[in-house]
Amino acid sequence: MDDSNERPSSPTVIATERLTRIFGQTVAVNELSISIHAGEVFGFLGHNGAGKTTTVRLLNGVIAPTAGSARVFGLDPTTHGHRIRARTGVLTETPALDPRLTARQTLHYFAEIYGVPKSERRRRIEELLEFFELSSRGDHKVGSFSKGMRQRLALARTLIHDPELIFLDEPTSGLDPAATREVHQMIERLKQRGRTVFLCTHNLIEAERLCNRIAVMAQGRLLAIGDIHQLSSRLDRGHRVSVEVDAADLSRAVQLFARTPPVVHAEAAPNRLAGRNGGAFIMLYGVSRRDVPRIIEAALHDGLRLYRVQPEEPSLEDVYFALQEL
Ligand SMILES: Nc1ncnc2c1ncn2[C@@H]1O[C@H](COP(=O)(O)OP(=O)(O)OP(=O)(O)O)[C@@H](O)[C@H]1O
Ligand SMILES: [Mg+2]
């Protein structure tokens, strides 16, 4: 593993060492070693069955590891689960809310369960209703809420005891784009407030947008970890550069670039705003930012009219699928 797994500037909140959990024949989490630091929004990415929820349960001491170890706030979840859970908030995959209670009653109920001091409850609940933009619906029954409102209330409930570390297990699954956006905005605000968030998701756009660092899991194994740039840099074949040449030079340019190392493939990219101002786009594969001077040199040497050279970073989606194939 590279050193991107370490971010020494802020305290370690979660550290696992070859953490493993086996259910019968299934290795749900396989020798997972990661560390997560205070203030990070950490994306935990993987297909169905990758081991995301199992990891959340292990870290909260809901289940015990088969092998390896974990520390959360320096505590062992197996022996100190209750102390850890007092400082974590967990939004589970399918949070159950009682449709007969109002939003305010729901939060009161959970404030009591989580031992929020009576003197603080009211203020805390009003703050959360406001933060999640539910104040005006506070006395409405949850049964009348839209999915997005329910999820915001479930998030509010997760934060009732002001946890330092928040686990969100697929917080936007099943939500429409508008509700998804609402939840993203709430996570952004938690990020701005310096909360540590462990975000399980298979929504790659969500991870790319919200997370400082991302771990990609498959079948219990950690495939890669780092920020999006570190992950992209592992994917050489995903690197592309788009160039805009004069439309009159298009076929000559494609041939020239195709034989300019380290280009592995060059093709006209007709649907990229082609034709505007007489320009035509070509996509060059197998080249990255550092190869741009060579591309320009080759074009100038051949007398091509070059209007634009744009390195295209592979998206998290490119990286994710390439990693699954390795
Ligand atoms: N209690 C259990 N008993 C038996 N097998 C389990 C149990 N919990 C999880 N598993 C298995 O462990 C593997 C990992 O499951 P897990 O729920 O952690 O995946 P996940 O990444 O959260 O998937 P999803 O995206 O579908 O929520 C799966 O093969 C699952 O069937
Ligand atoms: Mg899951």
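In the predicted model, an open sheet is built from four strands in the order β12-β13-β11-β14, with antiparallel pairing. The edges of this sheet are formed by β12 (265–268) and β14 (306–312), each of which pairs on one side only. From one strand to the next, the twist averages 20 degrees. Within the sheet, strand β11 (residues 240–246) is paired with strand β13 (residues 279–285) through seven bridges in the antiparallel sense. One position in this pairing places Val 245 opposite Ala 280 of β13. Two helices pack on the sheet. Helix α9 (residues 250–258) touches β11, β12 and β13, and the direction of α9 makes about 165 degrees with that of β12. Helix α10 (residues 292–301) is in contact with β11, β13 and β14, and the direction of α10 makes about 160 degrees with that of β14.

According to the domain assignment, the protein comprises domain 1 (3–233) and domain 2 (236–314). A distance of 43 Å separates the C-alpha centres of domain 1 and domain 2.

A further open sheet contains six strands, arranged as β6-β7-β8-β4-β9-β10 with mixed pairing. Strands β6 (88–91) and β10 (221–226) stand at its edges; each has a single partner strand, so one side of each is left without a neighbour in the sheet. Strands β4 (residues 41–46) and β8 (residues 196–201) run parallel and are joined by five bridges. Phe 44 is found opposite Cys 200 in β8, and Leu 45 stands opposite Thr 201 in β8. Helix α6 (residues 177–192) packs on the sheet, where it touches β4, β7 (165–169) and β8. The direction of α6 makes about 150 degrees with that of β8.

Strand β8 is also joined to β7 by five bridges, and β7 and β8 run parallel. In this pairing, Leu 165 has Thr 196 of β8 as its bridge partner. Six of the six residues of β8 are buried, so the strand is largely enclosed by the rest of the structure. The cover extends to both faces of β8: Thr 196, Phe 198 and Cys 200 are buried on one side, as are Val 197, Leu 199 and Thr 201 on the other.

The surroundings of ligand 1 were examined next. The shell around ligand 1 consists of Phe 23, Thr 26, Ala 28, Gly 46, Asn 48, Gly 49, Ala 50, Gly 51, Lys 52, Thr 53, Thr 54 and Glu 93. By class, three residues of this shell are nonpolar, seven are polar and two are charged. At least two shell residues are supplied by each of β2 (26–32) and α1 (52–59). Helix α1 provides the largest share, with three residues.

Helix α1 is itself mostly covered, with seven of its eight residues buried. The buried residues in α1 are Lys 52, Thr 54, Thr 55, Val 56, Arg 57, Leu 58 and Leu 59. Two of these, Lys 52 and Thr 54, also belong to the shell around ligand 1. Arg 57 lies in α1 and is classed as buried because 20 other C-beta atoms lie within 10 Å, where the cut-off for a buried residue is 20 or more. Apart from residues up to four places away in sequence, Arg 57 touches Val 62 and Ile 63. Arg 57 and Pro 77 are 20 residues apart in sequence, and their C-alpha atoms are 9.5 Å apart in space. Just after α1, Gly 61 adopts a positive phi of about 70 degrees.

Another glycine, Gly 68, is located in strand β5 (residues 67–72). Gly 68 is partly exposed, because 17 other C-beta atoms lie within 10 Å, a count between the limits of 12 or fewer for exposed residues and 20 or more for buried ones. When neighbours within four places in sequence are left aside, Gly 68 is in contact with Thr 16, Glu 17, Arg 18, Leu 19, Thr 20 and Glu 31. Among these contacts, Arg 18 is 50 residues away from Gly 68 along the chain, and the C-alpha atoms of the two residues are separated by 4.7 Å.

Notes
Residues are numbered from 1 along each chain as its sequence is written. Chains are lettered from A and ligands numbered from 1 in the order in which they are written. This is a predicted model: local features need pLDDT of at least 70, side-chain atom pairs count only at pLDDT 80 or more; totals for chains, interfaces and linings use all residues. A residue is near a molecule or strand if its C-beta atom, placed from the backbone, lies within 6 Å of it. Ala, Val, Leu, Ile, Met, Phe, Trp, Tyr, Cys and Pro count as nonpolar, Asp, Glu, Lys and Arg as charged, and the others, Gly among them, as polar. Two residues are in contact if their C-beta atoms, placed from the backbone, lie within 7 Å. Two strands pair if DSSP finds at least two bridges between them. Axes are lines fitted to C-alpha atoms, for helices over the stretch in contact, and angles run from 0 to 180 degrees between N-to-C directions. Domain bounds come from an automatic or database domain assignment.
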